[in-house]
Amino acid sequence: MNWDGIESNWLQIKGLVRRHWAELSDADIIEVRGKRDALAERLQDRYGISAAQAHGEIEGWLKSLKAPRPS
């Protein structure tokens with residue numbers, strides 16, 4: 001899934017985001033509203049990581065969504 005798909009389906013996907021990054025609050029998820037840069041900023045704040053690390057985390061998470069699930 002690309003980021004456009006994440007953004008347009010944010011209401012359905014936000015639970016996956018919250019499970020993956022448990023330090024994000026409900027308010028964080030609401031503020032992000034599917035915006036990739038906003039998610040990166042929240043990850044930086046909550047996890048104390050750099051912008052590059054936050055974007056890397058997001059990229060890794062996106063790849064995990066694309067990975068085939070075991071049967």
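Reply: What follows is a set of questions and answers on a predicted model.

Me: Why is Asp28 called buried?

Reply: Buried means under 20% relative accessible area. Asp28 has 2% relative accessibility, so it counts as buried.

Me: What makes Arg42 buried, and where is Arg42 placed?

Reply: The relative accessible area of Arg42 is 19%. The limit is under 20%, so the label is buried. Arg42 belongs to helix α4. Setting aside neighbours within four places in sequence, Arg42 is in contact with Leu24, Asp28, Glu31 and Val32.

Me: How do you know that Asp28 forms a salt bridge with Arg46?

Reply: The closest N and O atoms of Asp28 and Arg46 are 2.7 Å apart. A salt bridge requires the side-chain nitrogen to be within 4 Å of the carboxyl oxygen, so the pair qualifies. Asp28 lies in helix α3 and Arg46 in helix α4, so the bridge ties together parts 18 residues apart in sequence. Salt bridges with shared partners join Asp28, Glu31, Arg42, Asp45 and Arg46 into one network.

Me: Why is Arg46 called partly exposed?

Reply: Partly exposed covers what lies between buried, under 20%, and exposed, over 50%. Arg46 has a relative accessible area of 39%, so it is partly exposed.

Me: How many salt bridges does a search of the whole structure find, and what does the one between Lys35 and Glu7 tie together?

Reply: The search of the whole structure finds seven salt bridges. In the one between Lys35 and Glu7, the closest N and O atoms are 2.4 Å apart. Lys35 lies in the loop between α3 and α4 and Glu7 in helix α1, so this pair ties together parts 28 residues apart in sequence. Lys35 has a relative accessible area of 42% and is partly exposed. Glu7, at 28% relative accessibility, also counts as partly exposed.

Me: What makes Asp26 exposed, and what label does Arg18 get?

Reply: Exposed means over 50%. Asp26 has a relative accessible area of 53%, so Asp26 is exposed. Arg18 has 30% relative accessibility and counts as partly exposed. The side chains of Asp26 and Arg18 meet in a salt bridge, with 2.4 Å from N to O.

Me: Which residues of α4 and α5 meet?

Reply: Arg36, Asp37, Leu39, Ala40, Leu43 and Gln44 in α4 meet Ala51, Ala54, His55, Glu57, Ile58, Glu59 and Leu62 in α5.

Me: Which residues touch the most other members of the largest nonpolar core, and which helix supplies the largest share?

Reply: The largest nonpolar core has 16 residues, and Val17, Trp21, Leu39, Ile58 and Trp61 touch the most other members. Helices α1, α2, α3, α4 and α5 each supply at least two residues of this core. The largest share, four residues, comes from α5.

Me: What does Trp61 touch, not counting residues up to four places away in sequence?

Reply: Trp61 touches Trp3, Ile6, Ile13, Leu16, Val17, His20 and Trp21.

Technical notes: Residues numbered from 1 in each chain as written. Predicted model: local features only at pLDDT ≥ 70, side-chain atom pairs only at ≥ 80, totals over all residues. Heavy atoms only, no water. Core = buried A, V, L, I, M, F, W, Y, C linked by side-chain atoms within 4.5 Å. Buried < 20%, exposed > 50% of the residue type's maximum accessible area, 1.4 Å probe, protein only. Contact = heavy atoms within 4.5 Å.
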